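Colleague: I would like to learn how to read a model like this one. Please take the features one at a time.

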Amino acid sequence: MSDEGEWSSNANEAIKISIVQAGETSPKTLSSFHPQFTYPIFGEEERIFGYQGLKIHLRLAAHDAYPNVEISYDKKFKAVGETTATDIEGFLKDWLPAITFTKHANFNTRVQSDTSAKAFTPPGKLIESYTSKGRNFEIWLGELTDPAVQAIVERLQIFISFFIEGGTPIDLDDAEWTLARWRVFFVYEKLPDSPHPFASVYSIAGYSTSYRFLTYAPTGKPTNPIRQTSKDNMQTFTLPPPEPISPSSLPSRARISQFLILPSHQHHSHGSHLYAAMTNTFLASPTCTEITVEDPSEAFDDLRDYCDYTRLLANGTLGQIKLSTNIDPKLTAKKIGVRVPTSKLLDVPLLESLRRKNKLAPRQFHRLVEMHLLSQIAPHARQAGTARLTQRGRTSDQDDRTFYYWRLLVKQRVYKKNKDVLMQLEHLDRIDKVEQTVGEVIGDYERLLRGMVEKAMKGDDGVEGQASKNGEKRERGKRKLVVEDDEDEDVGGGEPGRKRNRET
């Protein structure tokens, strides 16, 4: 058998994705790009065996994402015993709808002659319009029970595996009750004109999904915390209910799942616009109690922090929060059992009220509060680290004293969250681990604060891609973790058919 290497192709390079619309004589390509990941389809090595000069061209109609794949190559490996060329179409059939595998010419004909495209509008309802770099965009909200929404999601879902590490598609065969808990937000560019009488002015730019994670909402406080089954606390209902119950009518946490801006539209603030539109939708919903995110990538974490932080600044939330430094010095003495309660540092009832009003998960809200309080401390105190904190809370320098109590606040959160793990360490190791984590938290906050200034100056959220710094892919499964991040906000666990972005 000839050298195996000459018959092996890089799947990421072999696959080309194009967004097309009707052109003057043949489909016009609006944008083209390659996938970032193909390991869910072709294995960890992301290689395809058995071809030379392999090209896999996946094209989608710009307005409704109608797909077609064309596979071509210069040479194909002749089978030797059980060694055969990869069945490319067979692998792709698990990830793309059956309509994808029609002849190339048939797809061209459909794109050029689809008279319905001209009148096409995205499914659902328009919730936002905006301009970016002189181009017009719209965000539409639909329910996954809508056949038109479902059709587009089915065609686009392979992009989740292509561009979101660990991403997997939604099971569209789930029961209608489960599908009714999904909402889909589409980002479309509205083109100024079209090159063909039948061409649509809409071109897909990205989309996101959210899931209603149902929560229990008691009608009132129990009159007896020990005997909570008294008549005062019982709720009477009939099964089956006399009328169908819609998930949208029940209290729920909105959990952002898949979130994707196509590569050709990244770094133009579409991620920020989409996230803000989703957040505004959840805030306006009387049944949504909290906004969470499923397994976010590091890039999405940055986008979320940027959007949430700027929103809380704009609506005056962060301006209401102050860190108290008028603490009894006895509480900062180096003695076992002596500590400063969190309630001495912050107005805890106010914090909880503001958190609920903004519908943010506890960890996310507390991080934003910590970041804001850090930003209020003079740079000379922050940059000096612990070198200026030898007098602890007794120092006469206001910024040093504030920084000391700020570090104490973060230490308390880190310790409380990870107490079970930390208690397994020796006392000195425990102190070192908390100190190390606080140092990493400070470094991350400083990076984010600098980034927010840069983004504000450039008008670019810059975080819609899934690549790490320097454009290199992170090693799968090796996302950096510190003790501070060891959290799952969704205490109820996963749901059948729940698919991923990544979770916090």
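The dialogue below goes from the whole chain to single residues.

Colleague: What should I know before I start?

Modeller: This is a predicted model, in which local features need pLDDT of at least 70 and side-chain atom pairs count only at pLDDT 80 or more, while totals for chains, interfaces and linings use all residues. Residues are numbered from 1 along each chain as its sequence is written, and side-chain values use heavy atoms, with hydrogens and water left out.

Colleague: How many helices and strands does the protein chain have?

Modeller: Helices (H or I, at least four residues) and strands (E, at least two) are DSSP runs numbered from the N terminus. The protein chain has 16 helices and 14 strands.

Colleague: What percentage of the residues in the protein chain is buried?

Modeller: Buried means under 20% relative accessible area, exposed over 50%, and partly exposed in between, with a 1.4 Å probe and protein chains only. Of the 504 residues in the protein chain, 49% are buried. For contacts, the criterion is heavy atoms within 4.5 Å. Among contacts with a separation of 6 or more, 74% join residues 24 or more positions apart.

Colleague: Which residues touch the most other members of the largest nonpolar core?

Modeller: A nonpolar core is a set of buried Ala, Val, Leu, Ile, Met, Phe, Trp, Tyr and Cys residues joined through side-chain atoms within 4.5 Å. The largest one has 60 residues, and Ile256, Ile321 and Trp406 touch the most other members. A second, separate core has 49 residues, including Leu54, Ile56, Val149 and Ile164.

Colleague: Which residues does isoleucine 321 touch?

Modeller: Leaving out residues up to four places away in sequence, isoleucine 321 touches Leu346, Leu351, Leu354, Phe365, Val369 and Leu373.

Colleague: At what angle do helix 11 and helix 12 pack?

Modeller: Axes are lines fitted to C-alpha atoms, for helices over the stretch in contact, and angles run from 0 to 180 degrees between N-to-C directions. Helix 11 (residues 348–358) and helix 12 (residues 362–375) pack at about 115°, and their axes are 10 Å apart. Leu351, Leu354 and Arg355 of helix 11 make the contact with Pro362, Phe365 and Val369 of helix 12. As a general point, an α-helix has 3.6 residues a turn, so residues three or four places apart point the same way.

Colleague: How do I check the span of a helix?

Modeller: The expected span is 1.5 Å times one less than the number of residues. Helix 14 (residues 398–417) has 20 residues and reaches 29 Å from its first C-alpha to its last, close to the 28 Å expected. For the 17 residues of helix 9 (residues 298–314), the end C-alpha atoms are 24 Å apart, which agrees with the 24 Å they should span.

Colleague: Why is helix 14 described as largely enclosed by the rest of the structure?

Modeller: Because 14 of its 20 residues are buried. Helix 9 is mostly covered, with 13 of its 17 residues buried.

Colleague: What comes after these two helices?

Modeller: Helix 9 is followed by glycine 316, whose phi is positive, near 85°. Asparagine 418 is in the loop between helix 14 and helix 15 (419–422), and counts as buried because its relative accessibility is 3%. A polar atom of the asparagine 418 side chain lies 2.8 Å from the backbone oxygen of valine 414.

Colleague: Where is glutamate 46 found?

Modeller: Glutamate 46 is in the loop between helix 2 (39–42) and strand 4 (47–49). Its phi is near 55°, a positive value in a residue other than glycine. Glutamate 46 is buried, with a relative accessible area of 6%. Its C-alpha atom is 8.6 Å from that of serine 9, 37 residues apart along the chain.

Colleague: Is serine 269 buried or exposed?

Modeller: Serine 269 counts as buried, at 14% relative accessibility. It sits in the loop between strand 13 (252–261) and helix 8 (270–284), and has a positive phi of about 70° although it is not a glycine.

Colleague: What is the relative accessibility of asparagine 280?

Modeller: Asparagine 280, in helix 8, is at 46% and counts as partly exposed.

How values were computed. A polar contact is a pair of N or O atoms within 3.5 Å; within protein, one must be able to donate a hydrogen and the other to accept it, and residues adjacent in sequence count only if both atoms are side-chain atoms.
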